[in-house]
Amino acid sequence: MFTFATDYFLLVFVSALGVIQIGASFGGLSGLLFLQAPKAARALGTVLAVAPFIWFFAVGERNINDYQGGLDAPTQALFFFLGTLAAGGVTFVVSSAVNWRMDRGAPAPEDGMDALRNASWARALAASLQYWRKNWRRRTKQYFSG
Amino acid sequence: MAKADETVFLWLNGLVGKLPFFDRIVELVVSDYLIPVSLALALVGTWFAGGDKLARQRHQIGVFVALSAMALSSLVVFTINAAYFRPRPFVDHEVTRLFYAPTDSSFPSNPAAAAFAIAVAVWAVNRRLGSLLLAAAALYGFARVYAGVHYPLDIVAGALIAIVVTFLTFKIRDLLGPILTWVIKVGRIFCVA
């Protein structure tokens, strides 16, 4: 049997997966998408974002005080952070696997998230880390000097 | 002022039970897990929004401001709560509650302050999404009055605190600018900013 906290974690985790898909679709970050067609990505994102709320409120009473089994604000914040982090991790794995063959030109190492327009997250990250491994001395100096 | 506040509260709360379906909707809206979680998830989406690098950075700074403003608004609310305790409406009045009975001070409303802080910060960087979030925050405030856990003035005060604090947070953003820029630069190494 799931506890209230587990239910909350699942709510945030799955909804965050959906929200990331919607946000990435509107931001044109193809490398993050599970489905490449923008409408399909948004539809999938909407289902992933909304369905957990329906489930969460359908399976039990949710207006409960924290000393009667609900979650206090710090616990909510912690589980929200963990759920979002997990969603980011799953997005990394799934989108990198699905978009592994995406090749719209080599990602520029200093593009940051913008590199995900043309490459999967894993490829963009690899390019960025490789660049940083080679140039860390010079770039770190530049970063810390503003 | 307090008398008018109580009158409006009693009128609104007096409607509970007349439309059972509406009451059920309010029970969902007033929950700690529908609008607060939706607003926080909207911040996650805002992080990825923006058509180009510059627009995305503006949105991401908006997310930082929202989080800072939410924390600072809560701090202001807790300080006021410590100095002035206003009992919840159900303590002093015959009330039909659609929510559990909180024990902390009623004025100003911390949930309203947190919700409006997020909504106002997002509105500052994205008018369309921000307007939607402002509507959600206002609905949340209304639901807390209707459900019998806040007076209208508690919500108004919470919202005003959030608006002022978020505005000030945007103003001092220039002071925090180098830190924010550095965090975003580090995020860029991992392609998360």
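## Where the two chains meet

About 3,200 Å² of area is buried between chain A and chain B, and carbon and sulfur atoms give 66% of it. Buried area here is the accessible area, taken with a 1.4 Å probe, that two parts lose on being put together, summed over both. This is a predicted model, where local features need pLDDT of at least 70 and side-chain atom pairs count only at pLDDT 80 or more, while totals for chains, interfaces and linings use all residues. Residues are numbered from 1 along each chain as its sequence is written, chains are lettered from A and ligands numbered from 1 in the order in which they are written, and side-chain values use heavy atoms, with hydrogens and water left out.

How many residues of each chain are in contact? For chain A it's 42, and they touch 37 residues of chain B; contact means heavy atoms within 4.5 Å. The rule also picks out 9 residue pairs in polar contact across this interface, both residues at pLDDT 80 or more. A polar contact is a pair of N or O atoms within 3.5 Å; within protein, one must be able to donate a hydrogen and the other to accept it, and residues adjacent in sequence count only if both atoms are side-chain atoms.

## The chain A side

On chain A, α1 (4-26), α2 (38-58), α3 (73-98) and α4 (121-144) each supply at least two residues of the side that touches chain B. The largest share of that side comes from α1(A), with 10 residues. Helices (H or I, at least four residues) are DSSP runs, numbered from the N terminus.

Sorted by type, the residues of the side of chain A that touches chain B are 26 nonpolar, 11 polar and 5 charged. Nonpolar covers Ala, Val, Leu, Ile, Met, Phe, Trp, Tyr, Cys and Pro; charged covers Asp, Glu, Lys and Arg; the others, Gly among them, are polar.

## Salt bridges between the chains

Side chains of opposite charge can pair when their charged atoms come close. A salt bridge is a side-chain nitrogen of Lys or Arg within 4 Å of a carboxyl oxygen of Asp or Glu. Over all chains, the whole structure has 8 salt bridges, and the count between chain A and chain B is 2.

Take K53(B) and D111(A): their closest N and O atoms are 3.8 Å apart. K53(B) sits in helix α4 (residues 53-83) of chain B and D111(A) in the loop between α3 and α4 of chain A, so this pair joins two chains. K53(B) is partly exposed at 29% relative accessibility, and D111(A) is partly exposed too, at 24%. For these labels, buried means under 20% relative accessible area, exposed over 50%, and partly exposed in between (1.4 Å probe, protein chains only).

D114(A) forms a salt bridge with R56(B), with the closest N and O atoms 2.7 Å apart. This pair also crosses between chains, from the loop between α3 and α4 of chain A, where D114(A) sits, to helix α4 of chain B, which holds R56(B). Are these two buried or exposed? D114(A) and R56(B) are both buried.

## A salt bridge inside chain B

R88(B) and D104(B) meet through their side chains in a salt bridge of 2.5 Å, N to O. They come from distant parts of the chain, 16 residues apart: R88(B) is in the loop between α4 and α5 (89-92), and D104(B) is in the loop between α5 and α6 (110-125) of chain B. R88(B) is buried at 4% relative accessible area, whereas D104(B) is partly exposed at 38%. Elsewhere, salt bridges that share partners tie D114(A), R117(A) and R56(B) into one network.

## Aromatic rings

There are 15 aromatic pairs over all chains. Rings of Phe, Tyr and Trp (its six-membered ring) pair if their centres lie within 6.5 Å; planes under 30 degrees apart count as stacked, over 60 as edge-to-face and the rest as tilted. F56(A) and F57(A) make an edge-to-face pair, 5.3 Å centre to centre with 90° between the planes, and both residues are buried. F56(A) and F57(A) also belong to one aromatic cluster with F4(A), Y8(A), W55(A) and Y33(B).

## A buried alanine in chain B

A121(B) is found in helix α6 of chain B and counts as buried, at 0% relative accessibility. Which residues is A121(B) in contact with, leaving aside its neighbours within four places in sequence? They are G62(B), V65(B), A66(B), T166(B) and F170(B). A121(B) and F167(B), 46 residues apart in sequence, are 8.1 Å apart in space, C-alpha to C-alpha.
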